[in-house]
Amino acid sequence: MENKSIETIQIQNVNQKEKPKKTIMTKPYFAIYSCITISLLLIISQKIAILGYIILPFALLVLWKVPNRKQLEFYDDYLLIYSEKNKEMCEKIEYKNIVEWVVRQGQQGGDCLIFRLEGDIYKQVESFRAVSIVRELNATIPEKEANRKKNSEMKNTAFKWPWGGKK
């Protein structure tokens with residue numbers, strides 16, 4: 001069965017004339033630099049310096065050794081999802097094909113971005129940059145966020161007390 005909502009294209013064939021509005025990379029630099037700063041402050045304070053000595057090597061290891069690659073690129077009419085497994089191909093999803101999207105935070109491997117596309121097709125992307133992704137999707141297609149739809153439906157329903165009192 002061919003999926004018309006997701007177009008797989010070679011990275012070489014991506015339109016180089018059009019610049020992306022936002023590029024999401026895999027490495028969360030703000031969190032890494034925050035850990036380094038906090039660990040240095042703990043070392044300087046000398047009250048719980050041991051904790052700083054534990055955090056600092058891990059943060060530096062992530063900063064220097066974990067590879068940084070493109071994960072998502074947002075354009076005016078579509079987004080590109082870069083695969084970790086196949087480095088020559090990427091997936092193009094047009095915004096008009098997205099029925100709804102949601103970000104599940106706090107999963108074991110990071111945060112999970114889930115797109116529901118036309119034809120009940122689901123596309124899942126794992127990321128450690130959920131805040132950046134949510135900010136960009138809310139700027140581009142806010143009406144398709146699943147949580148926003150659910151919250152607006154809840155606001156429009158009448159509240160019922162469990163004991164059957166006031167309405």
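**View 1. The largest pocket holds about 620 Å³ of space.** The model is predicted: local features need pLDDT of at least 70, side-chain atom pairs count only at pLDDT 80 or more, and totals for chains, interfaces and linings use all residues. Residues are numbered from 1 along each chain as its sequence is written, and side-chain values use heavy atoms, with hydrogens and water left out. Rolling a probe the size of a water molecule over the atoms shows where empty space is left. Here a pocket is an open set of points on a 1 Å grid over the protein atoms alone, where a 1.4 Å probe fits, with protein on both sides within 12 Å along at least five of seven lines. Its volume is the space filled by probe spheres set on the points, which are joined across faces, edges and corners.

**View 2. The lining of the largest pocket has 22 residues.** Lining residues have an atom within 4 Å of a point. Closest to the pocket centre are Thr26, Arg69, Gln71, Glu84 and Glu126. Strand S8 (121-127) gives the most to the lining, with five residues. Strand S4 (78-82) supplies at least two. Strands (E, at least two residues) and helices (H or I, at least four) are DSSP runs, numbered from the N terminus.

**View 3. Five strands form an open sheet in the order S1-S5-S4-S3-S2.** The pairing is antiparallel. Two strands pair if DSSP finds at least two bridges between them. Strand S1 (6-10) and strand S2 (22-25) stand at the edges, each with a single partner strand, so one side of each has no neighbour in the sheet. From one strand to the next, the twist averages 20°. Such angles run from 0 to 180 degrees between N-to-C directions, with axes fitted to C-alpha atoms.

**View 4. S1 runs antiparallel to strand S5 (residues 89-94).** Five bridges join the two. Ile6 stands opposite Ile93 in S5.

**View 5. Glu145 sits in the loop between helix H3 (130-140) and helix H4 (146-155).** Is Glu145 buried or exposed? Glu145 is buried, because its relative accessible area is 12%, and buried means under 20% (1.4 Å probe, protein chains only). Glu145 touches Trp101 and Asn138, leaving aside residues up to four places away in sequence. A contact means heavy atoms within 4.5 Å.

**View 6. The protein chain has four helices and eight strands.** From the N terminus on, the elements run β-β-α-α-β-β-β-β-β-β-α-α. Buried residues make up 34% of the 167 residues.

Conventions
Buried < 20%, exposed > 50% of the residue type's maximum accessible area, 1.4 Å probe, protein only.
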